[in-house]
Amino acid sequence: MTITQLTAFLAALEHGSFTAAAASLGMTQASVSELVARLERELDATLFVRGSRRLVPTAAAQELRPHAAQAVSAVQNGIDTIHSLASLDRGICTFGVLRNAAYYALADLAETFHHRHPNVRLRLVGINSAHVARSIARGELEAGLLVLPIDEDGLEVKPLFRDEVLYVSSTRPAGRGPVTISEVAEAKLVLYDAFAGWDDPTRRQLLERARLQGLTIEPSVEVEHVETALSLVAAGTADTIVSRSIAESEGFPPGIRTFPFAEPMHDTIALVQREGVLLSPATRKLAELAERMLSEALPEHAGRTPLR
C-alpha cells in the first residue's frame, strides 16, 4: 500500500469518478483506476461499485477513508515541516474565525502571526460560525475558531471558552431582573448575522428554548453586523442579544442595559478541524497563537469561563 494509492482513492471518493479524480491530480484516468484497483487487490476488498456515470463507495471505502486521509495528511505535513524547518519560512495557512473575532481579542491575530512568520501566506476568513464549520468540513479551510453548536459531521471539536449571552435593551427598565424566553418571544427584536439566519449558533439556542415552550421568535429587523443591531437598540427601535465580551467592550453604546437570561445561556467558542487530518505546520502555529491570545486577553469571571 502506497501514499499514491491512498491519494488516488481519496480523490476518487471525493470526485465520484476516476476521470474527475485524475483531472484533480494531474494524472491519466487509467493511472488512477489502476492505483485504486491495486489497492483493492492488496486489501482484498471492493472499495467502489463501478456505475455507468458515478463511483459508489462501499462500506469498506467509508471505513478506510479517515485512515487514508490521516496517512496522506501526515506524509504531506512531514514534507511541509522539513521544507519550512522550524522558522516556517514558507507555506500557506487557511483559518476561519468567528464573525465577531475583534471582541474576543483576536483583532491582532493576523498582524502578530505575519510579524513572526512573514513568508507564510495567510488566509483568514471571518464569517458566521455555521459557514466556517461547513468550509472546514469541505476542506476549504484547515481549521477555525467558531461558536457551538454546529451540525457538520467529521469534525474534531476542542471547546476553549464559554461566554455568557445577555439580553440588551435601552427601553427595558433596569430593575426588572432576568429575562425569560416568553418575554423574548413577545419582544420587538433586531437580530444580526442575517445571511446565516437561524443557522447561527447563538440564534439556534434561542430558537430551541422557545420551541421547547411552544413559542416562536420572529425578529422585526435583521441586519448583518452586531454594530448595526446595537445602533438600533440604542435608538430604542428594538432589543437584541450579545455575548458578555461584546457588552463589556469599549465600543459598546452608552445607554444600553444588559440583562441575564432567567436560564443562563452561553456561547461556547471552540477550535475545530477535520477529524483525522493533521494540520499543516503554519495552521497549527496559528491555531496555537489564537488559543493563547484568547486565554490571555479575556479575564475570567462568573459569565466568562475558560474550558480546560
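Ile3, Val75 and Ile79 make a nonpolar surface patch of about 200 Å². This is a predicted model: local features need pLDDT of at least 70, side-chain atom pairs count only at pLDDT 80 or more, and totals for chains, interfaces and linings use all residues. Residues are numbered from 1 along each chain as its sequence is written, and side-chain values use heavy atoms, with hydrogens and water left out.

**Surface patch**

- Patches are made of residues with over 30% relative accessible area and no salt bridge; like charges are joined within 9 Å, and nonpolar side chains (Val, Leu, Ile, Met, Phe, Trp, Tyr) within 5 Å.
- Accessible areas come from the Shrake-Rupley method with a 1.4 Å probe, and for residues only the protein chains shown count as cover.
- Ile3 sits in helix H1. Helices (H or I, at least four residues) and strands (E, at least two) are DSSP runs, numbered from the N terminus.
- Ile3 is partly exposed, at 32% relative accessibility. Buried means under 20% relative accessible area, exposed over 50%, and partly exposed in between (1.4 Å probe, protein chains only).

**Largest pocket**

- The largest pocket holds about 1,100 Å³ of space. It is lined by 33 residues, and the closest to its centre are Leu10, Glu14, Ala69, Arg274 and Val277.
- On a 1 Å grid over the protein atoms alone, a pocket is an open set of points with protein on both sides within 12 Å along at least five of seven lines; a cavity is a set where a 1.4 Å probe fits but cannot get out; lining residues have an atom within 4 Å of a point.
- Grid points are joined across faces, edges and corners, and a volume is the space filled by probe spheres set on the points.
- Helix H1 (3–15), helix H2 (18–25) and helix H4 (59–84) each supply at least two lining residues. H4 gives the most, with 11 residues.
- The pocket lining has 15 nonpolar, 10 polar and eight charged residues. Ala, Val, Leu, Ile, Met, Phe, Trp, Tyr, Cys and Pro count as nonpolar, Asp, Glu, Lys and Arg as charged, and the others, Gly among them, as polar.

**Largest cavity**

- The count comes to one cavity of 30 Å³ or more.
- About 230 Å³ of space lies in the largest cavity. Its lining has 19 residues, and Asn100, Tyr192, Asp193, Asp200 and Thr202 are the closest to its centre.
- Helix H8 (201–212) and strand S9 (240–243) each supply at least two residues of this lining. S9 gives the most, with three.
- By class, the cavity lining has nine nonpolar, five polar and five charged residues.

**Salt bridges**

- The whole structure has 14 salt bridges. A salt bridge is a side-chain nitrogen of Lys or Arg within 4 Å of a carboxyl oxygen of Asp or Glu.
- Arg99 bridges to Asp193, with the closest N and O atoms 3.4 Å apart. Arg99 is in the loop between strand S3 (92–98) and helix H5 (109–116), Asp193 is in the loop between strand S7 (190–191) and H8, and the two are 94 residues apart.
- Arg99 is partly exposed at 28% relative accessibility, whereas Asp193 is buried at 4%.
- A network of salt bridges links Arg99, Asp193 and Glu224.
- Arg134 pairs with Asp199, with the closest N and O atoms 2.8 Å apart. Arg134 lies in helix H6 (residues 129–137) and Asp199 in the loop between S7 and H8, so this pair ties together parts that are 65 residues apart in sequence.
- Glu222 pairs with Arg203, again through a salt bridge, and their closest N and O atoms are 2.8 Å apart. Glu222 is in strand S8 (residues 221–222) and Arg203 in helix H8, 19 residues apart.
- Glu222 is partly exposed at 43% relative accessibility, but Arg203 is buried at 2%.

**Backbone**

- A cis peptide bond joins Leu148 and Pro149, with omega about 10°. Pro149 is in the loop between S5 and strand S6 (155–169).
- Asp193 has a positive phi of about 60° although it is not a glycine.
- Asp44, also not a glycine, has a positive phi near 55°. Asp44 is in the loop between helix H3 (29–43) and strand S1 (48–50). Asp44 is exposed, at 71% relative accessibility.
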